[in-house]
Amino acid sequence: RRVLFRSSKQVDLSNRRVVVLGDGRLGILCAKVVRLFTDDVFTIGKHEDKLQRFHQIGIKTQILNDFHQEADFDVVIDCTGSSTGLETACQLVRPRGTIVMKTTVAGNHSLSLASIVINEINLVGSRCGPFAEALNVIDSKDLGLDDLISHRFAIEEGILAMKTAASPDAFKVLLHFPKQASAQ
């Protein structure tokens, strides 16, 4: 069985219907990883321009306000960074399905947890996961992470790179360091 989001629980993603909530950097990274386990990946976000990144790599998307569907996803992954993410996840996950909380929200939640109990939903917190496995996947090039980089700068342009990283149109900003001659 192919599992992901290890914490005290493991979430099986093979042949599951999975929706990723959130169209930012964490959302696209999670969607790319999930796609290694199942072809049935869907992303819901609030920003059409950000969702274009998902379209470009072949992941189906929908604007949150336009999305109306029964609660029938096997796994819902919250990458929203919003206090409303868990509530939305509860509306989308099927009974006995799993919600994976990848996001951290500093604010308070005002959510009735009744649906989690009534529908026997598995709620999994997932912060980092197994680093060795993640590094192996990155090293294998299966994720194709280059398309996440929106801007590249030489280290000498570091101040401009930091200003660019703070702009809304930046996704990932990369700094290049010059290669040093090897010591003989």
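I take helices (H or I, at least four residues) and strands (E, at least two) as DSSP runs, numbered from the N terminus.

**Basis.** I worked on a predicted model, in which local features need pLDDT of at least 70, side-chain atom pairs count only at pLDDT 80 or more, and totals for chains, interfaces and linings use all residues. Residues are numbered from 1 along each chain as its sequence is written, and side-chain values use heavy atoms, with hydrogens and water left out.

**Entry 1: second largest pocket.** I looked up the second largest pocket, which holds about 260 Å³ of space. A pocket here is an open set of points, on a 1 Å grid over the protein atoms alone, where a 1.4 Å probe fits, with protein on both sides within 12 Å along at least five of seven lines; lining residues have an atom within 4 Å of a point. Grid points are joined across faces, edges and corners, and the volume is the space filled by probe spheres set on the points. I found 19 lining residues, with Gly22, Asp23, Lys46, Cys79 and Thr80 nearest the centre. Helix H1 (25–35), strand E4 (41–45) and helix H3 (85–92) each supply at least two residues of this lining, and H1 gives the most, with 3 residues. By class, the lining has 5 nonpolar, 10 polar and 4 charged residues. For this count Ala, Val, Leu, Ile, Met, Phe, Trp, Tyr, Cys and Pro are nonpolar, Asp, Glu, Lys and Arg are charged, and the others, Gly among them, are polar.

**Entry 2: helix H5.** I then turned to Leu135, which lies in helix H5 (residues 131–140). Is Leu135 buried or exposed? Leu135 is exposed, with a relative accessible area of 53% (buried means under 20%, exposed over 50%, partly exposed in between; 1.4 Å probe, protein chains only). Of the 10 residues of H5, 0 are buried, so the helix lies largely in the open. I noted that Lys141, which follows H5, has a positive phi near 70 degrees.

**Entry 3: positive phi in loops.** Most residues other than glycine have a negative phi. I recorded Asn15 with a positive phi near 55 degrees; Asn15 sits in the loop between strand E2 (11–12) and strand E3 (18–21) and is exposed at 71% relative accessibility. I also recorded Glu120, whose phi is positive, near 50 degrees. Glu120 is in the loop between helix H4 (114–118) and strand E8 (122–125), and is partly exposed, with a relative accessible area of 45%.
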